[in-house]
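These entries record what I looked up in one structure. I kept to helix packing, aromatic rings and charged side chains.

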Amino acid sequence: MKKNLITLLFSVVVMYGCTSSDNGGNGDNNDNFNRSALLSNYADNIILPSISDFQTKVSSLDVARSNFLDNINQANLDLLSDAWLEAYKAWQYVGIYNIGAAESFTSNENGFRAYFNIYPVSTALIESGAANSNYNLNADAYFSAQGFPALDFLLHGIADTDASPLDKFTTNANATGYIQYMTDVQSQINTRTSTILNNWQDTFRDEFVSNTSSSATGSISKIVNDYINYYERALRANKIGTPAGNFSAGQTFPDKVEAYYKNDVSKELALLSLDAVQKFFNGQAIDGSSSSESLADYLVYLDNSTLKDDINTQFNAARQQIQTLNNSFSQQVIDDNTQMTLAYDALQAAVILLKVDMASALDIQIDFVDNDGD
């Protein structure tokens, strides 16, 4: 009897140990998959080209800003708006990668995205900054008053007493303040983009590729967590769920969409973001020219081909639903919010596949907590 009890206790301990290793993401997944090839593909064919393209578009945006300030007129404002949109579109392929130098920018739950794309923008802080020049774009309070949403308001929004966006830079009493604020926002974007790219090119690319550990500090675990975090928060929640009222008992917020003041590109930006997510999953270069080792291949290697197919199927279903929406998500929320919530549901269906099924298959522990009740 005593011997049987000891045997039973030993069995329980062994079972517990196996369960902890299988589901806890403790880095014991020595499956011999070529992680180095996967990380090399992500670094060389997806991440670095995305950041390089983003910096090119940011530089063009800065040139357009300079040209506008040299000759302030509607034609140059339109060209500046076009450059802003091109850079914003390129941003959709960069926001995933809160790793390397980007990881050290801030401990804010939005990661380095806090400096580039927090919306809705705080127009009150921008107005105050333009009026008295007392602002600090490096302070947490100004995360919602900089980046692309701030430029969106400056280029497309109407300030108090103004009849058109151009008036902010010409007839407004604080025109000089608006010009300086826009210049400082652009400078912040320039500096942080260069810091991220230089870090990847100088040292972090090699560190990233060589860190093939399956532990929580390994590159795969870190990048997968960033990837799922981006999908769940930046794409599913921020672009769709929040304006559609999914987190506010059905109360909708047409003003909380991306690019609210331009107000006809929110669908385009959401589709690009989803494109970035799916290409990353499949290891596809951002220009679609090639593909190599990826999370999808990793799942196939682990005999999870069905999961790989299910994830791609759900991404495609979400894309189809988003494509039915108005170019302006604000207008879609006002006209027929049910379609917005259907888009959210389609995106949400992939969260379980990524955050639970894929993470479990790869033995990766999720290191962030989502508080939206899902």
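**Salt bridges**

I began with Arg65 and Asp62, whose side chains form a salt bridge with an N to O distance of 2.9 Å. I note that the model is predicted. Arg65 and Asp62 are three residues apart in helix α2, which places about one helical turn between them. I looked up the accessibility of both partners. Arg65 counts as buried, at 13% relative accessibility, because the limit for buried is under 20%. Asp62 is partly exposed, with a relative accessible area of 21%.

I then examined Lys57 and Asp53, which also meet through their side chains in a salt bridge, at 3.3 Å from N to O. These two residues are four apart in helix α2, again a separation of about one helical turn. Lys57 has 24% relative accessibility and counts as partly exposed. Asp53 is partly exposed too, at 29%.

Next I took Glu232 and Lys355, where the salt bridge has an N to O distance of 3.0 Å. This pair links distant parts of the chain: Glu232 belongs to helix α7 (residues 219-244) and Lys355 to helix α11 (residues 329-361), 123 residues apart. I find Glu232 buried, with a relative accessible area of 2%.

**Aromatic rings**

How many aromatic pairs does the structure hold? I record 25 aromatic pairs. I selected Phe54 and Trp91, whose ring centres are 5.8 Å apart and whose planes stand at 55°, so the pair is tilted. Phe54 lies in helix α2 (residues 35-70) and Trp91 in helix α3 (residues 74-91), so the pair ties together parts that are 37 residues apart in sequence. Both Phe54 and Trp91 are buried.

**Arg192 and two rings**

I turned to Arg192, which lies over the face of Phe105, at 4.7 Å from the ring centre. The charged end of Arg192 also sits over the ring of Tyr115, 3.7 Å from the centre of that ring.

**Helix α4**

Which residues of helix α4 are buried? In this helix, residues 123-132, I find Ile126, Gly129 and Ala130 buried. Viewed down the axis of α4, the buried residues fall within an arc of 95°, so they line one face of the helix. I looked up what they pack against and found α5 (147-156) and α6 (175-210). After α4 comes Ser133, which has a positive phi, near 60°.

I also followed Glu127, which is placed in helix α4. With neighbours within four places in sequence left aside, Glu127 is in contact with Phe153, Ala159, Asp160 and Tyr178. I checked one C-alpha separation as well: Glu127 and Gly177 are 50 residues apart along the chain, and their C-alpha atoms are separated by 8.8 Å.

Methods:
Residues are numbered from 1 along each chain as its sequence is written. This is a predicted model: local features need pLDDT of at least 70, side-chain atom pairs count only at pLDDT 80 or more; totals for chains, interfaces and linings use all residues. Side-chain values use heavy atoms; hydrogens and water are left out. Buried means under 20% relative accessible area, exposed over 50%, partly exposed in between (1.4 Å probe, protein chains only). The arc is that of the directions from the helix axis to the C-beta atoms. Contact means heavy atoms within 4.5 Å. Rings of Phe, Tyr and Trp (its six-membered ring) pair if their centres lie within 6.5 Å; planes under 30 degrees apart count as stacked, over 60 as edge-to-face and the rest as tilted. A charge sits over a ring if NZ of Lys or CZ of Arg is within 6 Å of the ring centre and within 35 degrees of the ring normal. A salt bridge is a side-chain nitrogen of Lys or Arg within 4 Å of a carboxyl oxygen of Asp or Glu.
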